[in-house]
Every structure is written in C-alpha cells, then in structure tokens.
Amino acid sequence: MINIIARLFLISPLWVMYFFHQTHDGPAHEEMDFSTLLMFSGGMFLLLLWRDYGRAPRSSISVIVRNMAMMFCVVCSIFLLFGMPWSMWYMSAHAFTWFFVLCQKIVSTVASNTIYPMMQSNYKDVLKTGWHPYWDTTVFNFDSDLIKNGGFEEPVYTNFVPPAEWEFQCPSCGARQQTNFGVCWNCNYGADGDDTAYLERWGGES
Ligand SMILES: [Zn+2]
C-alpha cells in the first residue's frame, strides 16, 4: 500500500503539468490529450513497479524517491516566496528530484564498475544479496542498518529478545546474533556444521 501511494505521488506531477497546460494554454496544450496522460501515467507506474520488484523487506525505490521528492518540495518552497505558482513549485520540486536521482545513478554505476570492487573484495557477493550501492546507503532510505545491510527481516521473538548491540544475523532464520560464527541461539543453525544457508546468502568458500 505504501508503495502504491509513493508511486502515485511520483506520477502526480504529470497530472499537474497536464492541467497547467490545459488551463494556462501552455505550449503542450495541443500535444497532450487525456489519453496520452493516462498512457504516460500507466507506463511510469509499471516502470516503478518493475524497479521496486524484489526489494522487500528493504524500502522500495519508489518510497526512497518519494522521500527525496518531499525534501525537494520543502527546499523549493522558497520559490513560493518569490511568487512562483503552486503548480510550478510542485513540478520543479519533482524535476530536481529526478535530476538528483539521475546524477546519483551515473555516479554509482561508474563507481560500481571501478572503485567499489577494489575497495571490497567480495563486492559481487554483496550485490547478489540485493544490496545496492546507492539505494541502500542514501539518507533517504529510512530502513534500519540491519535491513539495509542484510536485506532480510528478523523473526518475531517470543521469549528472548537479542540486545541492541547484537548486529549479526543468522543466515537461516534472521535472528540477531552476538557474533558472526557459532550456533544460532534461535534455530540452532550451525550446530551440525552445515553452512549451506550462509553460502546461499553470501557466496564464497566454505
Ligand atoms: Zn537462526
């Protein structure tokens, strides 16, 4: 649900733009009819849906971009003081957001192919777990570090709740652990020396 609202929010500037051009006789007044608007909105929704796929339980990309757009809405509100109309303010806030996303995309794509693999020898394995060099490091992603880094949720604890400083996760059940070796207190993973779950999750040599 939160994803659907975030996507609609990201699509909304198209509607503002449409009604702006219709009511103010803007340059796109002739070109853009209502069916084109619907087509673009649908296309954008599907594109976002595709980008968000497989991110759970990490925050979806739509939600992260929505957080950015809301920040830019606040920043751009300074234009309102100078008499910019509401529709222009709304559209420019979103335009800044997408420009920012594009710049970040270029930087992280270049770095992913050059410096990141040099800095981190198991970089490819980390990517395989679904971690993303931009979406999971940006301040606009409000997930906990555990979700950002590991990408999987903790189980619902019944009796024992691990203390806050335990920051490792069992690769089998997701319970937080004091150390990254040994036997899981929750599901007993590791007791029989079988490390399949760990290798599936992180790859590498056993
Ligand atoms: Zn476990």
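Trainee: Before we start, how are residues numbered, and what pLDDT do local features need?

Mentor: Residues are numbered from 1 along each chain as its sequence is written. As this is a predicted model, side-chain atom pairs count only at pLDDT 80 or more, totals for chains, interfaces and linings use all residues, and local features need pLDDT of at least 70.

Trainee: Okay, in which order do the elements of the protein chain run?

Mentor: Start with the parts: helices (H or I, at least four residues) and strands (E, at least two) are DSSP runs, numbered from the N terminus. The protein chain has eight helices and two strands. Read from the N terminus on, the order is α-α-α-α-α-α-α-β-β-α.

Trainee: Is the protein chain spread out or a compact globule?

Mentor: Compare two numbers, using a radius of gyration taken over C-alpha atoms and a globule rule of 2.2 Å times the number of residues to the power 0.38. The rule gives 17 Å for 206 residues, and the chain has a radius of gyration of 22 Å, well over that. The C-alpha atoms fill a box of roughly 75 × 40 × 35 Å along the principal axes. So, compared with a compact globule, the chain is more spread out.

Trainee: What share of the residues counts as buried?

Mentor: The test counts other C-beta atoms, placed from the backbone, within 10 Å of a residue's own: 20 or more is buried, 12 or fewer is exposed, and in between is partly exposed. Of the 206 residues in the protein chain, the buried share is 18%.

Trainee: And what share of contacts joins residues at least 24 apart?

Mentor: Two residues are in contact if their C-beta atoms, placed from the backbone, lie within 7 Å. Take the contacts between residues at least 6 apart in sequence; the share joining residues at least 24 apart is 47%.

Trainee: Let's do helix pairs. How are H3 and H4 oriented to each other?

Mentor: Axes are lines fitted to C-alpha atoms, for helices over the stretch in contact, and angles run from 0 to 180 degrees between N-to-C directions. Helix H3 (residues 61-81) and helix H4 (residues 86-113) have axes that come within 8 Å and cross at roughly 130 degrees. Under 35 degrees counts as roughly parallel, over 145 as roughly antiparallel, 65 to 115 as roughly perpendicular and the rest as oblique. H3 and H4 are therefore oblique.

Trainee: What residue classes make up the contact of H3 with H4?

Mentor: Among the residues in this contact are Phe72 and Cys76 of H3, along with Trp89 and Phe100 of H4. For the classes, Ala, Val, Leu, Ile, Met, Phe, Trp, Tyr, Cys and Pro count as nonpolar, Asp, Glu, Lys and Arg as charged, and the others, Gly among them, as polar. The tally is 13 nonpolar, four polar and no charged residues.

Trainee: Is the crossing of H1 and H4 left-handed or right-handed?

Mentor: H1 and H4 pack at about 140 degrees with their axes 9 Å apart, which makes H1 oblique to H4. A crossing is left-handed if the near helix is turned anticlockwise from the far one by less than a right angle, and right-handed if clockwise. The crossing of H1 and H4 is left-handed.

Trainee: How many charged residues are in the contact of H1 with H3?

Mentor: H1 and H3 pack at about 50 degrees, with axes 8 Å apart. Residues including Ile2, Arg7 and Leu10 in H1 meet residues including Val63 and Arg66 in H3. Next to seven nonpolar and two polar residues, the number of charged ones is two.

Trainee: Where does Leu14 sit, and which residues is it in contact with beyond its neighbours within four places in sequence?

Mentor: Leu14 is in helix H1 (residues 2-23). Its C-beta has 18 others within 10 Å, so Leu14 is partly exposed. Beyond those sequence neighbours, its contacts are Leu37, Phe40 and Ser41.

Trainee: Which residues does a cis peptide bond join?

Mentor: Look in the loop between helix H2 (34-52) and H3, where Pro57 lies. Omega is about 5 degrees there, and the cis bond joins Ala56 and Pro57.

Trainee: Last one: is Asn188 buried or exposed?

Mentor: Asn188 is in the loop between E2 and H8, and its phi is near 70 degrees, positive in a residue other than glycine. With 12 other C-beta atoms within 10 Å, Asn188 is exposed.
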